[in-house]
Amino acid sequence: MSDPFLIGDTMTGGYGKGPDILHDCTVAVERGEIAVIVGPNGAGKSTAMKAVFGMLDVRAGAVRLDGEDITHLSPQDRVLKGMGFVPQNANIFTSMTVEENLEMGAFIRRDDFSGTMEQVYDLFPILREKRRQPAGELSGGQRQQVAVGRALMTEPKVLMLDEPTAGVSPIVMDELFDRIIEVARTGIPILMVEQNARQALEIADKGYVLVQGRNAHTGTGKELLADEEVRRSFLGG
Ligand SMILES: Nc1ncnc2c1ncn2[C@@H]1O[C@H](COP(=O)(O)OP(=O)(O)OP(=O)(O)O)[C@@H](O)[C@H]1O
Ligand SMILES: [Mg+2]
């Protein structure tokens with residue numbers, strides 16, 4: 001099988017009965033790799049992620065997970081198939097404690113998930129310290145850790161992250177990227193959208209530049225970082 005582990009393949013679609021936002025858009029991640037989607041605001045990065053997760057109609061194209069066509073599955077069924085998704089907005093329950101957020105993440109599990117929770121706390125030690133605190137009292141970077149931790153609670157086979165470092169300082173961004181690399185090394189491929197394009201492409205095995213719902217540039221992280229046009233247009237020279 002030459003198919004990537006997860007692929008949104010030449011997807012065209014939009015919201016409800018509205019116009020197409022995505023035009024033959026392809027994003028994918030291979031086993032054991034990190035794939036990064038970058039591009040200007042409004043390019044359709046979040047829309048592409050939502051399409052892969054089944055939150056909007058794909059009018060043409062397909063989504064496949066481990067070789068299986070899942071184009072018509074609901075988001076809930078995709079979670080059961082092993083997809084974890086951290087959306088760009090409203091990705092935690094602010095009035096619930098950190099631990100309750102993680103428990104909510106495990107909603108599909110019938111087995112004992114305490115071991116997974118320990119793994120999340122080992123990955124993000126600050127969350128263990130703050131486990132009894134309402135998540136809304138945490139800093140931006142800590143909230144993002146809760147959101148990623150929540151998604152890990154289902155023991156996903158692939159993790160999708162929409163701007164996991166939004167609104168955090170450069171130091172916190174570096175730490176989050178380190179944790180994301182650590183997750184990828186445990187064998188969970190990661191498909192993520194990032195506004196910190198240069199830093200994200202540095203850790204990306206594969207990169208996608210989207211513009212107006214279309215693939216503008218695709219390559220390894222290294223290739224995109226070295227591409228004159230990509231540098232000039234999207235990386236600030
Ligand atoms: N729920 C929605 N209903 C209708 N149109 C939407 C919806 N969400 C986004 N759009 C439109 O889809 C287009 C792409 O938006 P999207 O959020 O995917 O961009 P993005 O690349 O993620 O931008 P950003 O970098 O700001 O997060 C925009 O024109 C936006 O107005
Ligand atoms: Mg977005």
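A residue is taken as near a molecule or strand when its C-beta atom, placed from the backbone, lies within 6 Å of it. The views show a predicted model, in which local features need pLDDT of at least 70, side-chain atom pairs count only at pLDDT 80 or more, and totals for chains, interfaces and linings use all residues. Residues are numbered from 1 along each chain as its sequence is written, while chains are lettered from A and ligands numbered from 1 in the order in which they are written.

**View 1. Residues around ligand 1.** The shell consists of Y15, G18, I21, G39, N41, G42, A43, G44, K45, S46, T47 and Q88. By class, three are nonpolar, eight polar and one charged. Here Ala, Val, Leu, Ile, Met, Phe, Trp, Tyr, Cys and Pro count as nonpolar, Asp, Glu, Lys and Arg as charged, and the others, Gly among them, as polar.

**View 2. Positive phi at D24.** D24 has a phi near 50 degrees. Most residues other than glycine have a negative phi. D24 sits in strand β2, residues 22-29; strands (E, at least two residues) and helices (H or I, at least four) are DSSP runs, numbered from the N terminus. With 14 other C-beta atoms within 10 Å, D24 is partly exposed. A residue is buried at 20 or more such neighbours, exposed at 12 or fewer, and partly exposed in between, with C-beta atoms placed from the backbone.

**View 3. Positive phi at E163.** The phi of E163 is near 55 degrees. E163 lies in the loop between β7 (158-162) and α7 (170-185). E163 counts as buried because 22 C-beta neighbours fall inside 10 Å.
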